[in-house]
Structure formats: C-alpha cells, structure tokens
Amino acid sequence: MKRIVYFLSGLYLTGILLTSCHKDIASPINNAAPTNFNEVFDDFWNQMNVNYVYWDIDSTNWDSMYTRYQPVFASLDIHNNNDLRKSIKYFRQMTDGLIDSHYNLSFFPAAIVDSSVNPALDRKVASGTYRNPFKFTTLDTNNYIDNGFTAGSYAGTSAVCGTINHNILYFSCSEFGLEKAFLTTTPNGVKNALQEFFDSVQNGIAIKGIIIDIRDNPGGDVSDLSFLIGHLINAPLQIGYTRFKTGNGRLDYSPWINAYVTPQSGGKAVNIPVIALADNFSASMAEATTMTIHALPTGLFIGERTWGATGPLATNSLYDDGQFTIPGFMFIYTSSVAFKYIDGNIYEGKGFSPDINVPFNHTAVLSGDDPQLDSAINHVH
Amino acid sequence: MFLRKTLFVFLLILTATELKAQSSLGFETGLSAGHLNTNIANRTSSEITYRLGYSIAIPFQYQLNKWLSVETDPGIQQKNYSISRTDSLSGAYTSFINTYFQLPIMAKAILFHKKKLTFFANAGFYYGYWIAAKQKGQEPNIFTATQSNNSSGQTTSTIEYSSFDQKYTINKQIDNRAEWGWIFGFGAQKQIDQKYTAYAAFRIYESLTQQQRNYMMNQIPQYNETLDLSVGVMVSLK
C-alpha cells in the first residue's frame with residue numbers, strides 16, 4: 001500500500017511540476033472599448049492578426065508595424081482632437097501596403113468621423129493613371145439600347161434590361177442588391193428589369209448574345225452571384241476556391257475549398273456568347289460576376305482590368321474573421337475569405353484582366369460613343 | 001535542460017534498482033482523442049472539440065522488480081481535434097487529422113491485484129514527430145448564399161456547406177513537427193498464461209512544447225493534448 005501512495009504522490013508532484021512549464025494561455029485580444037491610444041493600437045494590431053485573410057501573400061511586415069508604431073500611438077492622447085487626427089496618418093502608414101482592396105478604416109470619434117483610410121484607393125490615385133468613374137447608363141440607353149427597355153431602381157440599386165439591335169440581350173446594374181429588390185413585395189423597376197432578363201434567357205427571344213454590363217459597379221450582396229448567373233447554367237459551376245481563418249494565428253488557414261455558383265430554378269445552359277463588360281471600377285461582386293462569366297463555356301470579358309477586391313465579405317461571425325470593430329473608435333472593413341480563381345491565381349490587389357482590353361476613352365464617351373460596348377456588340381456579331 | 005535533468009534522475013533510479021530483469025514485447029492498438037489547448041475565446045462562433053483517431057504501437061517492457069517496470073511503446077498516434085462552429089452554424093467544422101510517430105518512455109508500477117486482474121499506473125515522457133496531416137470538414141460556402149422571404153415577409157439569407165478532405169502540407173515556417181511531453185495513465189492486465197499477458201490502458205499525453213513555431217509577435221500558444229485508450233498483448237521474452 002505504501003508504494004502505491006509513494007508512486008501516486010510522485011506522479012502528482014511530477015504532473016504539477018510539468019504542467020507549470022506551460023505558458024499561461026492568455027489571449028491578447030480584447031473586445032472592450034479602448035480608453036487610450038495604447039489600447040486602440042493593441043486592439044487594432046491584434047485583431048488584424050486574427051481577422052485579416054491575406055497575411056500569407058501580403059508583403060506588409062505586421063510585426064515591424066508593432067515595433068514602429070506602438071510607441072507612436074502610446075504618445076497620443078485619445079482626448080485630444082489633434083492627436084486623433086494624427087492617428088489617421090499613422091493608421092494610413094501602417095496599412096498602405098495591405099493588398100485587400102476592400103480594406104477601409106472608418107472612425108467614430110466626432111473629430112475624425114469624416115476621415116477614412118483606403119489603401120487600394122490611395123495606391124490607385126498615387127499611380128497617376130487613376131481616372132474618375134463614369135456612369136454609362138445614360139449614354140447607353142440613349143445611343144445603344146433599343147426603345148422599350150425596362151429600367152428602374154430600388155434601395156440604391158438601379159438596373160436596365162433591353163436589347164441592342166433587337167438580337168443582343170443587355171442587362172446592367174449599378175450595384176448588387178438584385179435579389180433583395182426581386183424578393184420585395186414593393187413593386188420596383190429592378191424587379192421588372194430582372195424579370196425581363198430571366199424571361200428572355202429562359203423563354204428565348206431570338207438573341208445572339210448576352211451582355212452583362214457591370215462597369216462602375218462597386219459590388220454588393222454576394223447572394224446575387226448565383227441569383228443572376230445561376231439563370232445561365234443548369235449545373236453547379238466551379239469558379240475557384242475560398243479560404244478563411246481557422247485560428248488566431250496570422251497564418252492559421254482553412255484549406256482551399258471549392259467555390260461554386262449554383263443554378264437557379266429554370267436555369268438554362270446558354271450556348272451563345274455571354275459577355276461581361278467591366279472596368280477599373282468594377283469591384284467585389286462585380287469582379288466575382290465578371291470572373292464567373294469568364295468561366296462559362298461561352299463567356300468573355302471585355303473592358304479594363306477590374307479593381308482587385310475579389311474576397312467576399314460577410315458578417316464576422318460567419319467565419320470568425322473579416323470585418324471587425326474597435327468599440328467606440330473604428331470600423332475595419334475587410335474581406336472574410338480569400339478567393340482564388342479557377343485558374344489558380346489570386347487577383348486580390350491586382351484586378352482581373354479582360355480577354356479583350358478596351359480602355360476607357362473619355363473623348364469617345366463625350367461624343368456619345370461607348371467603345372467597350374461597341375467591342376462587345378462586334379464580338380457577338 | 002529540464003528534460004535532460006529529469007531523464008538523468010529517471011535513469012539513476014533505474015540503475016539503482018535490483019535488476020531482476022524480465023523483458024516482454026507486444027502489440028498495442030486503440031483509440032486516441034486529441035484536443036488543442038489554446039485560447040480562442042475571442043472567436044465567438046467556434047469551439048475546439050475532441051476528435052477520435054487511432055494509435056498503434058509495439059510496446060517493449062523491461063521488468064525491474066515485482067512492481068516496477070520500464071516501458072517504451074514506439075508507434076503511431078493521431079492527435080486529432082476539431083474546430084466546431086456553434087449556434088446557427090452548428091454542423092460546420094474543420095477537423096485537423098494529425099499523425100505523429102511517437103516514442104514514449106514510461107515507468108509502470110503495479111498498484112494492486114484484485115481477483116485475476118492486476119492494476120497498474122504509467123508515468124513518463126514522450127517524444128513525438130508530426131509525420132502527416134490533413135484537414136477535413138464542412139464549412140459555409142459563401143458563394144452559395146441565397147435570400148428568400150419567410151412566411152412573415154422578411155428576407156432571410158441561407159448558405160450551403162461545402163465538404164472538404166485535403167492533405168495538409170506541414171509548413172516549416174509555422175508548424176513545430178517535434179514535440180515532447182509527459183504521460184500519465186493507468187490500466188489493468190490479466191496474465192493469460194506463463195507467456196502472454198493481455199491489458200487495457202488509458203493514458204493522457206500532454207505536450208510541453210508548442211504545436212506551432214513562434215513565427216509572430218503576441219502569438220497565442222497551442223499545445224496538443226491526447227487521450228488514448230488502448231488494448232494490447234505482451235509476450236514474455238524470458
């Protein structure tokens with residue numbers, strides 16, 4: 001009996017001794033509202049480790065940002081408006097190399113509520129090739145779309161559906177809130193335009209091709225991808241792969257999971273040219289739509305390289321990553337999953353290149369021509 | 001350094017013991033259930049759960065006296081765990097299937113005999129080397145999101161899960177392939193005849209080294225913990 005007691009006591013003491021070798025598993029992540037700039041910085045820096053999905057391909061050295069900017073933020077007073085404004089400059093410097101082209105910082109304190117930090121936009125403006133966005137709707141409905149087209153808007157989304165030369169089906173939308181507009185019981189023009197588009201695809205007016213114009217479209221609801229393109233397929237279409245964060249480590253990733261667009265009820269595999277018209281201001285869902293059309297057997301992309309914000313967004317709880325808030329101070333808008341296209345490339349921060357490159361021509365549009373749409377029409381014919 | 005000191009003391013005890021040696025060799029297999037000890041309290045929709053795996057080993061036992069033996073069980077052990085989603089995402093999970101080569105060195109103490117069974121306890125250390133990994137599970141596939149109106153006219157979103165089962169390539173930058181830790185366990189054995197002894201043992205393997213390399217500042221440590229329930233048979237080599 002003695003030896004049992006000795007042995008068990010020895011085991012117990014050894015266990016205690018060895019367990020004490022474990023580091024205390026504390027988390028540096030704090031969701032409480034910060035009371036000073038030290039806490040703001042720590043919350044921001046730590047939550048970026050957890051929530052940002054591009055660390056493995058991003059050239060930003062986040063550790064060096066800590067070393068460099070932690071003392072800088074520590075010297076700021078959160079109750080001083082000048083210091084609040086200074087902090088914007090430091091946040092901009094810390095994040096200016098992040099490739100996530102959705103990435104945007106917005107702020108809650110009154111002194112800086114009008115400020116924002118958008119690294120992708122800053123880079124494009126600084127490149128010297130940046131132009132202002134152009135809305136093509138008026139030009140195209142006046143000069144290209146046959147009379148009798150359907151157009152309207154709902155909750156910020158406007159859409160047009162009609163024909164060109166009576167044999168090309170044309171659909172455009174200003175952003176993606178299509179399914180929402182279609183489902184609402186409130187009558188609206190977007191629903192009418194969508195219904196005309198779906199009927200034309202399904203029942204078949206004599207169309208030679210389809211043009212989906214998503215130029216100057218900043219994106220929107222991810223559900224619109226299957227909702228819209230799902231009418232042009234009758235089987236799931238793999239468009240690439242998605243990956244998210246599985247842990248708190250900067251490089252804790254899920255595997256790449258196949259990403260599909262699902263056919264909609266009555267979806268029909270089209271065998272006529274389907275052309276995506278997109279430009280430098282086609283972003284997010286507009287890029288996903290462009291890449292999906294490109295993946296169709298008869299798909300083609302005409303226009304300009306897209307914005308480069310290809311990773312979809314959802315609420316943070318869906319993947320426990322992506323966009324997050326520093327309570328009372330700032331909101332960080334960032335992708336929830338990384339997206340790799342079916343060709344194996346990640347176009348985040350780069351943009352997706354067209355099959356037929358037709359640059360924006362300011363002189364032409366001023367004279368009533370739309371060279372990008374002309375190219376699409378010529379391709380169908 | 002600590003490991004070296006501990007092993008030295010352990011060896012000293014062994015050599016000081018009267019050598020009434022009797023060796024036996026055997027085969028052992030069982031179920032393992034891994035867990036990752038870390039802190040994910042900030043991940044509000046996730047929890048770490050045990051996931052079953054297997055273990056297989058070739059135990060070698062060297063009896064020092066009537067009640068104390070030294071034992072090594074070189075073999076393979078899976079240290080699997082899952083990150084499971086909670087609440088409305090219930091059913092979504094990612095499992096980490098991690099296979100290790102393992103070399104434990106344990107003391108085995110006979111505690112007492114009851115009826116025809118002999119009860120024993122194990123304590124010791126192990127060295128493990130991560131030899132293969134894969135990730136499997138099902139997670140929300142964001143591009144399958146759809147909206148619909150419920151009976152009260154409200155728009156709701158639904159999303160489908162996609163399954164995956166892929167090999168994970170161990171990453172030299174992140175993953176710490178080697179680990180060591182301590183073992184504690186107990187079991188019961190039954191002498192079948194002069195030559196054969198059957199046994200069942202439950203052991204806990206607690207890693208003292210982190211599963212990941214220290215590749216970033218403010219990194220939250222992760223340690224493997226594995227529960228193992230094995231059965232085996234020993235053949236006396238005397």
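This is a predicted model: local features need pLDDT of at least 70, side-chain atom pairs count only at pLDDT 80 or more; totals for chains, interfaces and linings use all residues.
Figure 1. Of the contacts in chain A between residues at least 6 apart in sequence, 71% join residues at least 24 apart. Chain A contains 13 helices and 14 strands. Its C-alpha atoms fill a box of roughly 95 × 60 × 40 Å along the principal axes. Of the 381 residues of chain A, 48% count as buried.

**Figure 2. The seven-stranded open sheet of chain A.** The strand order is 3-4-5-6-9-10-14, and the pairing is mixed. Strand 3 (150-154) and strand 14 of chain A stand at the edges; each has a single partner strand, so one side of each is left without a neighbour in the sheet. Within the sheet, strand 6 (residues 209-213) and strand 9 (residues 274-278) of chain A run parallel and are joined by four bridges. In this pair, Ile210(A) stands opposite Val274(A) of strand 9 of chain A.

**Figure 3. Helices 10 and 13 of chain A against strands of the sheet.** Helix 10 (residues 285-295) of chain A packs on the sheet and touches strand 6, strand 9 and strand 10 (299-303) of chain A. The direction of helix 10 of chain A makes about 150° with that of strand 9 of chain A. Helix 13 (residues 371-380) of chain A lies across strand 4 (157-164), strand 5 (168-173), strand 6, strand 9, strand 10 and strand 14 of chain A. Helix 13 of chain A runs at about 150° to strand 10 of chain A.

Figure 4. Not counting residues up to four places away in sequence, Asp355(A) touches Leu300(A), Phe301(A) and Ile302(A). The C-alpha atoms of Asp355(A) and Ala276(A) are separated by 10.0 Å, and the two residues are 79 apart along the chain.

**Figure 5. The four-stranded open sheet of chain A.** The strands are arranged in the order 2-1-12-11, with antiparallel pairing. Strand 2 (116-117) and strand 11 (324-326) of chain A are the edge strands, each pairing on one side only. Strand 1 (residues 104-107) and strand 12 (residues 330-333) of chain A run antiparallel and are joined by four bridges. The bridge partner of Leu105(A) in strand 12 of chain A is Ile332(A).

**Figure 6. Packing of helix 2 against helix 3 of chain A.** The two helices pack at an angle of about 165°, and their axes are 9 Å apart. The angle makes helix 2 of chain A roughly antiparallel to helix 3 of chain A. The crossing of the two helices is right-handed. Helix 2 of chain A contributes Phe37(A), Asn38(A), Val40(A), Phe41(A), Trp45(A), Met48(A) and Asn49(A), which meet Trp62(A), Tyr66(A), Tyr69(A), Gln70(A), Phe73(A) and Ala74(A) of helix 3 of chain A. By class, the residues of this contact are ten nonpolar, three polar and no charged.

**Figure 7. Ala32(A) in the loop between helix 1 and helix 2 of chain A.** Ala32(A) is exposed, because 10 other C-beta atoms lie within 10 Å. Ala32(A) and Arg92(A) are 60 residues apart along the chain, and their C-alpha atoms are separated by 23 Å.

**Figure 8. The contact between chain A and chain B.** In this interface, 51 residues of chain A are in contact with 50 residues of chain B. On the side of chain A, the elements giving two or more residues are helix 1 (2-19), helix 2 (37-51), helix 3 (62-74), helix 7 (178-183), helix 9 (224-229), strand 8 (257-261) and helix 11 (316-319). Helix 1 of chain A gives the most, with seven residues. The side of chain A that touches chain B has 25 nonpolar, 19 polar and seven charged residues.

**Figure 9. The hairpin of strand 9 and strand 10 of chain B.** Strand 9 (residues 146-149) and strand 10 (residues 155-158) of chain B pair in the antiparallel sense over four bridges. Thr146(B) has Thr158(B), in strand 10 of chain B, as its bridge partner. Five residues lie between the strands of the hairpin, in which Gly153(B) takes a positive phi near 85°.

Methods. Residues are numbered from 1 along each chain as its sequence is written. Chains are lettered from A and ligands numbered from 1 in the order in which they are written. Two strands pair if DSSP finds at least two bridges between them. Two residues are in contact if their C-beta atoms, placed from the backbone, lie within 7 Å. Ala, Val, Leu, Ile, Met, Phe, Trp, Tyr, Cys and Pro count as nonpolar, Asp, Glu, Lys and Arg as charged, and the others, Gly among them, as polar. Axes are lines fitted to C-alpha atoms, for helices over the stretch in contact, and angles run from 0 to 180 degrees between N-to-C directions. Angles under 35 degrees count as roughly parallel, over 145 as roughly antiparallel, 65 to 115 as roughly perpendicular and the rest as oblique. A crossing is left-handed if the near helix is turned anticlockwise from the far one by less than a right angle, and right-handed if clockwise. A residue is buried if 20 or more other C-beta atoms lie within 10 Å of its own, exposed if 12 or fewer, and partly exposed in between; C-beta atoms are placed from the backbone.
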